[in-house]
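Here is a friendly walk through some side-chain features you can follow on your own screen. Have the sequence and the model open side by side as you read.

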Amino acid sequence: MKLIINSPAKINFGLFITQRREDGFHNIETIFYPLQLCDEIVMRECDHLLIETDNPDLNIDIENNLIFKAVKLMESKTGRPLNCRINLEKRIPMGAGLGGGSSNAASVLLGLNDLFDLKFSKDDLRGFGAELGSDVPFFIHPVPSFGAGRGEILTPLDFALEGVMVVVNPGIHVATGPAYKNCKPGKAPFNLLELNEQKSFDYNKLRYVIKNSFEETVFIDHPEIGKVKERFFKAGAEFALMSGSGSTVFGIFDSTKKAEEFTKTLPQNYFVHIEEL
């Protein structure tokens, strides 16, 4: 049996860090929004565990990869070896605030469940995913969702962005741990749940209330990321925001023409993804 799984990226449409927790984590409020941008994972049964990827950085320390950890976690839950061959084709930039590693882990949990007919429910898998990382549960069923707690408490939303989105990554790696350490938690200035069931958006108003708490410190440490956001607005984007703890910035235009013209102004070494919403 062979499984081919699309492992999607996400953006955070708003991210408020509301509280430091006693367990060392932080409480957040965010909207997770899945993208058409995906890694591809191919899984098949094998006589031993083999993880292969086209990304040399991931091959250096495979046992510290979330895919390996996902397999070992599922083996601990089942009490049996789950020998398989996993091939990852990496398209989502790493350390970019797009959730690529978390998505890969969730895809492997789902894949192992199908490949070995383990019969775990989606709720079971979400619980397992939370042991691997705060974003992993979202990717078990990646639909637009309000995330609370560490991000693992999910409420699916009737929510669809409109326009043309451009996702830009300047190739800067922002480590999540230090980003959280430097942030300043506080009460969310806007209730993101108010966007549920809205059928149209006034982006010109939302740009002043939908924020990402990480921007304040990340833009100081990495001014180039802040300049990407400025580029969006100068090019006529209706909305722009950094995703996660960085370094990706996404912007929304009202036409494909504007979006494509904007991408032509970017340095050639930047990662760029366009999708119609």
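The structure holds 13 salt bridges, a salt bridge being a side-chain nitrogen of Lys or Arg within 4 Å of a carboxyl oxygen of Asp or Glu. Before going further, please note that this is a predicted model, in which local features need pLDDT of at least 70 and side-chain atom pairs count only at pLDDT 80 or more, while totals for chains, interfaces and linings use all residues. Residues are numbered from 1 along each chain as its sequence is written, and side-chain values use heavy atoms, with hydrogens and water left out.

The table lists some of these salt bridges, including the pair R21 and D23.

| Salt bridge | N to O distance | Relative accessible area |
|---|---|---|
| R21 and D23 | 2.7 Å | R21 25%, D23 44% |
| E52 and R85 | 2.9 Å | E52 25%, R85 33% |
| E75 and K72 | 3.1 Å | E75 14%, K72 36% |

To read the last column, take buried as under 20% relative accessible area, exposed as over 50% and partly exposed as in between (1.4 Å probe, protein chains only). R21 is thus partly exposed, and D23 is partly exposed too. For the E52 and R85 bridge, the setting is two strands: E52 lies in β3 (residues 50-53) and R85 in β4 (residues 84-89), so the pair ties together parts that are 33 residues apart in sequence. Helices (H or I, at least four residues) and strands (E, at least two) are DSSP runs, numbered from the N terminus. E75 and K72 sit in helix α2 (residues 66-78), where their spacing of 3 residues separates them by about one helical turn.

Next, the cysteines. With a disulfide defined as a pair of cysteine sulfur atoms within 2.5 Å, the count comes to 0. C46 is partly exposed at 28% relative accessibility, while C84 is buried at 0%.

Now turn to S247, in the loop between β8 (239-242) and β9. Is S247 buried or exposed? Its relative accessible area is 0%, and S247 is therefore buried. The S247 side chain makes a polar contact of 2.9 Å with the side chain of N169; a polar contact is a pair of N or O atoms within 3.5 Å, where within protein one must be able to donate a hydrogen and the other to accept it, and residues adjacent in sequence count only if both atoms are side-chain atoms. A polar atom of the S247 side chain also lies 2.4 Å from the backbone oxygen of I172. Leaving aside residues up to four places away in sequence, S247 touches several residues (contact means heavy atoms within 4.5 Å), among them G95, A96, G97, P170 and I225.
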